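This report covers a sheet, the nonpolar cores and a pocket. The sequence and the model are shown first.

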Amino acid sequence: MVSQSECRYQGELIEQVPGDGIVPIACDGALVEHNIVRDSPDLLRIEDAAAGIWPWGCDNTIIQFNEVSGQNAKWDGQAFDSDYNCRNTVIQYNFSHDNAGGFVMVCNEGNTLGKPYNIGTENTIIRHNVSINDGLRAYPTRPGWFSPVIHISGPAKQTAIEENVIVIMKKPSPEIDRSVLIMDNWGGPWPENTVFNKNIFYVINDDLEYKFITGGSKATQFDGNVFYGNFINKPDDRNAIEKEPDFTSGFPFHENFPDYLREKVIKRLKQQ
């Protein structure tokens, strides 16, 4: 694998690229921070997948302090992704907004799990991020209308999604997918041991139904999350908080969320 010193992506501006933004491949200890990936034009074929920032076949990747917006791939199209054969990926303190495919995906392919080239996608941590207005794909794609804010697919294990703020704005049309979460079974197996802890799921100015789909996932847990909106299939969360978040005293940033991204979050909220 490529060493940490050879796998750093820092301070880059990547824009008007119709495919992937930053993709570490076969790295151990990759660091991806302080980058801007934006305005990906909708030029790919429906067969092609792309996302903003994501590792492939990597261990111990850290993705932090980045802004990803305007990813318009016809498949996937998220800001961030912990992908095939990746272990110990950390996605933290990032700002994701206005991405067609959603905020984040965690996935692995079941048909090759256990082969020498696929030890598994395990121990992904997604924490202290802000997602605003993600999941906007305005047309059907491979399985139809599909653009969940969070997508977890196949035998991804031990994923922790913690203390993220997910602001969902009214979609431009009623046909657009209103899934907050979809968990499914790429290659047969389902995700295992996924934890959603103290996230805020906040729908603004939309009375239509939003849904959580956990499917046949195993040992998925929700604890202490905030839910505000018209949700169906809402997960069992014994410590759930079901009231509108109080942002009057300030947006609930984590203390380590960088100041320059705080300013961008506030600016984007004012545009609603």
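Of the 32 residues in the largest nonpolar core, which touch the most other members?

The model is predicted. In the largest nonpolar core, which has 32 residues, Phe80, Ile150, Ile152 and Phe201 touch the most other members. Two or more residues of this core come from each of strand 9 (78-82), strand 12 (102-107), strand 15 (150-153), strand 17 (165-169), strand 18 (179-184), strand 20 (200-204) and strand 21 (210-213). Another core, of 18 residues, lies apart from it and includes Met169, Tyr202, Phe257 and Val265.

Leaving aside residues up to four places away in sequence, Phe201 touches Ile150, Ile166, Val180, Phe196, Phe212, Asn225, Val226, Phe227, Tyr228 and Phe231.

Eight strands form an open sheet with parallel pairing, in the order 1-3-6-10-13-16-19-22. Strand 1 (8-10) and strand 22 (221-223) are at the edges; each has a single partner strand, so one side of each has no neighbour in the sheet. On average, neighbouring strands of this sheet are turned by 5° against each other, direction ignored.

Strand 16 (residues 160-162) pairs with strand 19 (residues 195-197) in the parallel sense over three bridges, and Ala160 stands opposite Val195 in strand 19.

## The largest pocket

The largest pocket holds about 310 Å³ of space. Its lining has 18 residues, of which Trp75, Asp76, Met105, Cys107 and Trp186 are the closest to the pocket centre. Strand 5 (49-50), strand 8 (75-76), strand 12 and strand 15 each give two or more residues to this lining.

Technical notes
Residues are numbered from 1 along each chain as its sequence is written. This is a predicted model: local features need pLDDT of at least 70, side-chain atom pairs count only at pLDDT 80 or more; totals for chains, interfaces and linings use all residues. Side-chain values use heavy atoms; hydrogens and water are left out. Two strands pair if DSSP finds at least two bridges between them. Helices (H or I, at least four residues) and strands (E, at least two) are DSSP runs, numbered from the N terminus. Axes are lines fitted to C-alpha atoms, for helices over the stretch in contact, and angles run from 0 to 180 degrees between N-to-C directions. A nonpolar core is a set of buried Ala, Val, Leu, Ile, Met, Phe, Trp, Tyr and Cys residues joined through side-chain atoms within 4.5 Å. Buried means under 20% relative accessible area, exposed over 50%, partly exposed in between (1.4 Å probe, protein chains only). Contact means heavy atoms within 4.5 Å. On a 1 Å grid over the protein atoms alone, a cavity is a set of points where a 1.4 Å probe fits but cannot get out, and a pocket is an open set with protein on both sides within 12 Å along at least five of seven lines; lining residues have an atom within 4 Å of a point. Grid points are joined across faces, edges and corners, and a volume is the space filled by probe spheres set on the points.
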